[in-house]
Each structure stands twice: as C-alpha cells, then as structure tokens.
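Colleague: Could you walk me through this model before I set anything up with it? I'd like to go topic by topic.

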Amino acid sequence: MAMNESYDIVLKNGRLIDPVNQINGNFDLAVKNGKIAEIAVDIPESKALRSLNLKGASAIPGIVDLHIHASKWLGGKHSHYMMARAGVTTALDMAGPIEDFLEIARDYGAGLNLACLNYVRPGYTVSCHDPSRDELKEMMLNCMSQGALGVKLLGGHYPVTPEAIDRTIGVAGELNAYVAFHAGSTNKKSDILGMLEAIELAQGRPLHMAHINSYCRGQVTDLLDETQKALLALKENPNIVSESYLSPINGTSAKCTDGVPESQVTIKCLKVGGFEGTEQGLAQAIKKGWAQINMESDRKVALAVGEEALAYWRSHETNTLVCFKVNPPEPRLVLASAKRDDKSFAVDCLSTDGGGIPRNTTVAMGLALVKLGALSLEEFVTKTSTNPASILGLPQKGHLGQGSDADITVVDLEKCSCVMSIAGGELIMKHGELTGSGTTIITSPLGEEALKAQGFKTQKTGSVLMKLPRNSAA
Ligand SMILES: [Zn+2]
C-alpha cells in the first residue's frame, strides 16, 4: 500500500451520529492530517496507523462548549484537563483576560481548540463604569490583536452603565468582534429584568446572552414565569444567540476587598442562603456548607466546604472561586428543550459555564436529557456541537462531513459518559486518560500574527455571531 493511501486513525465498530450529514448508524470513520477522510461501512484496520475499537459506543461531532472559564483568575490551570476528560474538543472562554488565558493555554494545554473573550471590567480592562467609545475601541483592538475573539460584558458581576453597554455592542459590531453579555448594569441586576434590559440595549444587533438559566431563579417573579419571559424575549429577538447550562451550581468569585465580596453575584447568593453579603457572611456560609469553595488538586478542581475549605480560602487571601446551589431544575429543563415556531431551539446551545469550574456536565446531564426524552440524540448534537460551531463562525466543525475538522467525541449512551475524544485529528482522551497537549487558538484575523509568534497553532474565524443557526433552519 502506498503511503499516501494510509490514514492516521480509524474508528471501528461504532455508531456514528451526525444530523448535518444525516448519518445515524454503524460506520467506520478514518482521520488523516487532522481532517475526517472517510466514512464507510468497513474501513480495514490495515489502512490506518492506529485503530480504535468503539464497540458499544457512539461517535458524535466534537463538543463545542460556548461558555467556559480557563484563565488564571477564573478556571485556573486544571481547566483544560477537566474539559478534555468531559469530552469537550472546542470551547469559548467567557472572561479572559487574554494574557491570562494564553498563559494557561500555553502551559497547561490538553490538545483542545479554544477561543477567548476579554472581559469589560472597570478598574481592570476599562478605567471606570462609563468608559467612552474611544476607550472601548482601543481596548477591543488591543485584546483582539493579542488573539481575543471579542469581549464579554460581565454586568452581573462588575457592572457598567447602560450607555457603556450600548457603546460596547456598537464598537464590537464595527470591528466584527464577538460580544457576549452576562446581564446586569449599573441600573439592573443579574436577573430577568437585567436580561430584558440587555436585549433592549442590543437594539437588534448581534449579541450572545450568557447562561439564560441564571436569570430564571425566581428572584423577581416566580421561576416559570421568568423562564417564559426569557423564552419570549429570545423568540422576539432573533439577533440574540444564547446558551443555558444544566448544573445545579453556579460559579463566582470568592475574592473580598475591604470585608466585602467584589462580585455582586456572590453577595446576592449569600443573601439567598440567609447569610450576610460580607466577607464574614461568606466565611459562615463556607463553614455551614452553603458556599462551596473550588479547591485545586491533582489536575482537577473539587468542591469543598467546612473548616478545610475555609482554611484553603483564607490561605489564598479569599481569591478563590465559589459555587452556590442556586439553579432550580425546572428552568434548566425547560430552557434546554424549548423551541421556536420554526422548530429551531429558543436557546441555541447547551453550555456548562464550566472549564475550571467543576460542572462540565454536557455529556453526563445532556445525555440524561436524551434518556428522559427531552432531547433526541440528534438534537443533543445540534445544541452541543453544530449550533455553537456555527455561532463561532467555524463551518468546518459541528459535523462529521468529509474534509471537516477531525473533532470527535465518543460517548456511552447508556452510562451517559465520555469514552474518548479526538481533537484536530489527535487522540486527546481515552477512558479518562489524557494524551493531548498544546492548544489551538481560534482567533480573528487581527490576532493570528501575535499568536503564531508565541508558538500557538491557530484557526481563523471571520464571521462570528452572524451565522445564526435558526436562520438556516427556518
Ligand atoms: Zn461564566
């Protein structure tokens, strides 16, 4: 056999599911040079350098998680490992900052494809709560020239004025920058009213609304009323792309300054649990088990409460992450499955808000929804791979077509678990064992040069947020 006929990897004896190419059945799949080379009923093992037996398992297009955290301050050095173990092959970091994000990507890569949004945060990336148009433009150009895909407004945590939000969305549009928003401003909180304000401020312009479920916690009216309001707003505003997650826990900063948590979300969560919104209240909440501190150990992050967690938090000068069990099940279930009139999903993607926050639950909880019958297996793929790939402007991902990127997640449908994953044609995880390294950065044309100079592999995207998946489904 001539060398040019050989494949790098062949996946044997598995079931393949790819709704884009209408594949659902038992096929072999061959990978060569990072691309999907062939799908056929039988591809002989002898044609590939490596053969992997998928017997009993199913291969789907690699999971694209449109909301994760993998920077030094939010997510940390284990985030890539945690995502790779959970079957993620591509993800969008929803805070940055880009320098922090790249440091983790360079030193603790696991073979994933990652993009990063730089946060708009007073005192950090912008000077104040009401940055000018010029300041925002300079900040955006600066972070994009370093490799960021765009920006994230972190309103719920670190608010800016509605006028500054309007300017941010405007400048992002001009620069073809990705713009995402955790609802909330100096006028509105991180709740359903904040979400409706955010959509109003978008004025028909493209915007990614983060974690819709977090605005449906019954803070303003009741859970299901808020959920219906959120869905109606998404249906009436097709310019908004969105995701929701399935985990019962949220994730926020435990960092305190002058005796008070810096994040407004953290303060709110303390009050919901019956604690004071202060450093002392947070200490009490950790002791009593309401506030779960994210503790790093052995290439992962685990949740901890009580004295041990308190000591860890103190030894890190309060600068850790914390999770609260604030997500009730009903909105998560409704938002995961609700549809528009054209049968496309009201919330475009299933995300995790995970990464280094221990809730990378797409496979475990998303496949449980398939078992429950809330989603078909094809719909699970649409929400976890096809739609997010499309929103990131990556037509070569989100399906298993010949010539597309060899990003593949192999799952056990019975156990709702992840068996192995391949990213960019490389096996990066098998039965929990990590075999990948490095990070491919998904960037705009503005960031390519700087990333290459730092030794990163890159993948360019040009038209973020513009290819809304529901338009093609209509
Ligand atoms: Zn987040």
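Modeller: Below we go through the metal site, the aromatic rings, the strands and the annotation in turn.

Modeller: Please keep in mind throughout that this is a predicted model.

Colleague: Okay, metal first: which protein donors does the zinc ion have?

Modeller: The protein donors are His 67 and His 69, each through NE2, together with Asp 353 through OD, and they lie 2.1 to 2.2 Å from the zinc ion. Along the chain, the donors follow the spacing H-x1-H-x283-D.

Colleague: And is His 67 buried or exposed?

Modeller: His 67 counts as buried because its relative accessibility is 0%, and His 69, at 5% relative accessibility, counts as buried as well.

Colleague: Switching to the rings, how many aromatic pairs does the structure hold?

Modeller: The structure holds four aromatic pairs. One of them joins Trp 73 and Tyr 158 in a tilted arrangement, with 6.4 Å centre to centre and 50° between the planes. That pair links distant parts of the chain, 85 residues apart, since Trp 73 belongs to the loop between strand E6 (63-69) and helix H1 (79-85), while Tyr 158 belongs to the loop between strand E9 (150-153) and helix H4 (162-175).

Colleague: Why does Tyr 158 count as buried?

Modeller: Tyr 158 counts as buried because its relative accessibility is 8%, and the cut-off for that label is under 20% relative accessible area.

Colleague: What about Trp 290 and Phe 324, how is that pair arranged?

Modeller: Trp 290 and Phe 324 form a tilted aromatic pair, with 5.9 Å centre to centre and 50° between the planes. Trp 290 lies in the loop between helix H8 (279-288) and strand E16 (292-297), and Phe 324 lies in the loop between strand E18 (321-323) and helix H10 (329-337), so the pair ties together parts that are 34 residues apart in sequence. As for accessibility, Trp 290 is partly exposed with a relative accessible area of 21%, whereas Phe 324 is buried with a relative accessible area of 0%.

Colleague: Which residues do ring pairs link into a cluster?

Modeller: The cluster linked by ring pairs consists of Trp 73, Tyr 119, Tyr 124 and Tyr 158.

Colleague: Where does the charged end of Arg 121 sit?

Modeller: The charged end of Arg 121 sits over the ring of Tyr 158, 3.7 Å from its centre. There is also Arg 299, whose charged end sits over the ring of Tyr 81 at 4.1 Å from the ring centre.

Colleague: New topic, then: which way do the side chains of strand E10 point?

Modeller: In E10, which spans residues 178-181, Tyr 178 and Ala 180 point one way and Val 179 and Phe 181 the other way, and all are buried. In a regular strand the side chains alternate between the two faces of the sheet.

Colleague: In what sense do E9 and E10 pair?

Modeller: E9 and E10 pair in the parallel sense over four bridges, with Leu 153 standing opposite Phe 181, and E9, H4 and E10 together make a right-handed β-α-β unit. E10 also pairs with strand E11 (residues 207-209) in the parallel sense, over two bridges, and there the bridge partner of Phe 181 is Met 209. From E10 the chain crosses through helix H5 (residues 192-202) to E11, and this β-α-β crossover is right-handed.

Colleague: Where is Thr 186 found?

Modeller: Thr 186 is found in the loop between E10 and H5, and Thr 186 is partly exposed, with a relative accessible area of 41%.

Colleague: Last one, which residues does the UniProt domain annotation cover?

Modeller: According to the unreviewed UniProt entry, the annotation "domain: Amidohydrolase-related" covers residues 60-188 and 350-414. Residues 60-188 are 34% helix and 26% strand, with their end C-alpha atoms 40 Å apart, while residues 350-414 are 40% helix and 14% strand, with end C-alpha atoms 20 Å apart.

Conventions: Residues numbered from 1 in each chain as written. Predicted model: local features only at pLDDT ≥ 70, side-chain atom pairs only at ≥ 80, totals over all residues. Heavy atoms only, no water. Donors = N, O, S within 2.8 Å, 3.2 Å for Na, K, Ca; no water. Buried < 20%, exposed > 50% of the residue type's maximum accessible area, 1.4 Å probe, protein only. Phe/Tyr/Trp six-rings, centres within 6.5 Å; stacked < 30°, edge-to-face > 60°. Lys NZ or Arg CZ within 6 Å of the ring centre and 35° of its normal. UniProt positions renumbered as here; feature names shortened; annotations may be inferred. Pairing = 2+ DSSP bridges. Right-handed = clockwise from strand over helix to strand, strands pointing away.
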